[in-house]
Amino acid sequence: MVKAVVGANWGDEGKGKITDMLAKEADIIVRFQGGANAGHTIVNDYGKFALHTLPSGVFYGHTTSVIGNGVALNIPVLFNEIKSITERNVPMPRILVSDRAQMVMPYHILFDQYEEERLGGKSFGSTKSGIAPFYSDKYAKIGFQVSELFDEELLQEKVVRICEMKNVLLEHLYHKPLIDPKELLETLHEYRDMIAPYVCDVSLFLDKALKEGKTVLLEGQLGTLKDPDHGIYPMVTSSSTLAAYGAIGAGIAPYEIKQIVTVCKAYSSAVGAGAFVSEIFGDEAQELRVRGGDGGEFGATTGRPRRMGWFDCVASKYGCRMQGTTDVAFTVLDVLGYLDEIPVCTGYEIDGEVTTEFPVTHLLEKAKPVLTTLPGWKCDIRGIKKYEDLPENCRKYVEFIEEQIGYPITMVSNGPGRDDIIYRKSPLQK
Ligand code: GDP
């Protein structure tokens with residue numbers, strides 16, 4: 001049985017916590033897209049961790065952590081991450097890396113930086129982890145696949161060919177130091193020696209595991225609105241953030257994915273540039289930012305302050321629909337306990353008309369939020385274990401949002417820890 005944990009919005013919805021929690025009942029956790037450009041924050045018995053590449057199941061002894069073919073694999077980052085958790089007494093996790101995954105090369109990171117510099121004020125707000133140059137190369141068919149590390153003849157020929165191409169751009173567009181093919185080959189040899197013990201035919205491994213009745217968790221990065229096709233193009237990421245892509249990025253049949261848990265945060269936050277209709281500013285935003293998440297809404301990879309906003313029903317309804325949601329995990333609800341009233345964005349006004357359907361980017365940029373204000377509950381809800389024990393206004397907030405988005409909220413997260421979760425039977429459950 002395969003379950004996916006994915007995001008409905010711009011990322012940072014709390015997927016790491018939900019994956020870590022669901023991983024307790026899973027055998028295998030697979031990262032299927034993205035790279036080290038975003039982070040998941042996890043709080044558990046070992047402490048607080050920010051993971052960028054490793055799946056959020058690495059903290060359990062019984063799980064296998066898999067880096068699927070769809071991931072942008074940064075080998076040095078992976079190794080640093082393994083070191084950073086084992087140094088803090090987490091037992092060495094069982095890790096498998098797809099032989100079909102491609103690798104982020106040092107020049108991808110440089111190109112990412114150089115391009116942001118070149119664009120100046122018009123930049124995309126990239127985390128400069130090399131993700132866009134990596135995926136560009138993958139689809140231009142000039143990327144390096146893990147399997148190629150073990151074909152020396154191919155490597156020697158390919159480094160020369162790639163350097164010729166990259167060096168034209170480095171010299172004439174960016175005016176930066178050139179890449180030396182010999183050094184690049186040495187780097188690839190280092191990568192080969194580092195990764196060799198973990199390399200595996202992941203799709204075959206998963207096929208066997210599923211036949212044996214194992215539970216597989218697919219862990220998404222970012223959220224629907226950052227999907228290159230269905231998100232706020234071009235302010236998106238470079239690999240699909242949708243559960244459907246989990247089948248491709250892990251190498252399994254699409255019909256194996258039986259449960260899609262879409263994580264929605266009880267308010268909005270976003271990083272990077274792009275339209276953000278329910279955005280708030282000034283003191284109102286700063287208060288929510290500082291109280292938000294677990295220790296404030298600041299990027300797990302970059303430390304950047306996140307942009308803040310009220311819950312957006314239009315974006316979240318769309319976000320859940322594109323994921324194929326079976327369950328919504330509604331997170332970080334505890335943070336809203338300080339507010340007297342809580343505005344919620346229930347529609348977008350575009351050219352004088354109100355819509356509840358999420359539009360394409362040029363219309364999104366014109367959208368103004370239509371807000372409905374709900375009463376707050378003015379107390380701390382952490383520690384509550386039963387849905388009925390939540391304050392009435394808090395339940396009303398959950399139920400109002402559930403009705404607006406049209407997908408069943410079956411989990412409510414009221415704290416960062418593994419056990420801070422309230423399961424709920426939703427009237428929308430089939
Ligand atoms: P991800 O990328 O989707 O995994 O999200 P992040 O890890 O970037 O952001 C989620 C933040 O919220 C992390 O700091 C989590 O520890 C924290 N978090 C997750 N669920 C809850 C919750 O229910 N309440 C609170 N207060 N914090 C939460």
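What is the handedness of the crossing of α3 and α4? It's right-handed, where right-handed means the near helix is turned clockwise from the far one by less than a right angle, and left-handed means anticlockwise.

Quick housekeeping, everyone. This is a predicted model, where local features need pLDDT of at least 70, side-chain atom pairs count only at pLDDT 80 or more, and totals for chains, interfaces and linings use all residues. Residues are numbered from 1 along each chain as its sequence is written, and side-chain values use heavy atoms, with hydrogens and water left out.

OK, helices. Two packed helices are described by the angle between their axes and the distance between the axes. Helix α3 is residues 106-119 and α4 is residues 131-139, and they pack at about 120° with axes 7 Å apart. That makes α3 oblique to α4; under 35 degrees would be roughly parallel, over 145 roughly antiparallel, 65 to 115 roughly perpendicular, and the rest is oblique. Axes here are lines fitted to C-alpha atoms over the stretch in contact, with angles from 0 to 180 degrees between N-to-C directions. Helices are DSSP runs (H or I, at least four residues), strands are E runs of at least two, and both are numbered from the N terminus.

Who touches whom? From α3 we have Tyr 107, His 108, Phe 111 and Asp 112, meeting Ile 131, Pro 133, Phe 134 and Asp 137 of α4, with contact meaning heavy atoms within 4.5 Å.

Now α3 against α5, residues 152-174: about 25°, axes 12 Å apart. So α3 is roughly parallel to α5, and this crossing is left-handed. On the α3 side, Tyr 107, Phe 111, Tyr 114, Glu 115 and Arg 118 make the contact, and the α5 side includes Ile 162, Lys 166 and Leu 169.

Last, the holes. The second largest pocket has a volume of about 530 Å³. Of its 33 lining residues, the closest to the centre are Gly 14, Thr 41, Gly 293, Asp 294 and Arg 306. Elements giving at least two lining residues each include α1 (15-22) and β3 (40-44).

There's also 1 cavity of 30 Å³ or more, and its lining includes Trp 10, Asp 12, Lys 265 and Tyr 267.

For the terms: on a 1 Å grid over the protein atoms alone, a cavity is points where a 1.4 Å probe fits but cannot get out; a pocket is an open set with protein on both sides within 12 Å along at least five of seven lines; lining residues have an atom within 4 Å of a point. Points join across faces, edges and corners, and volume is the space filled by probe spheres set on them.
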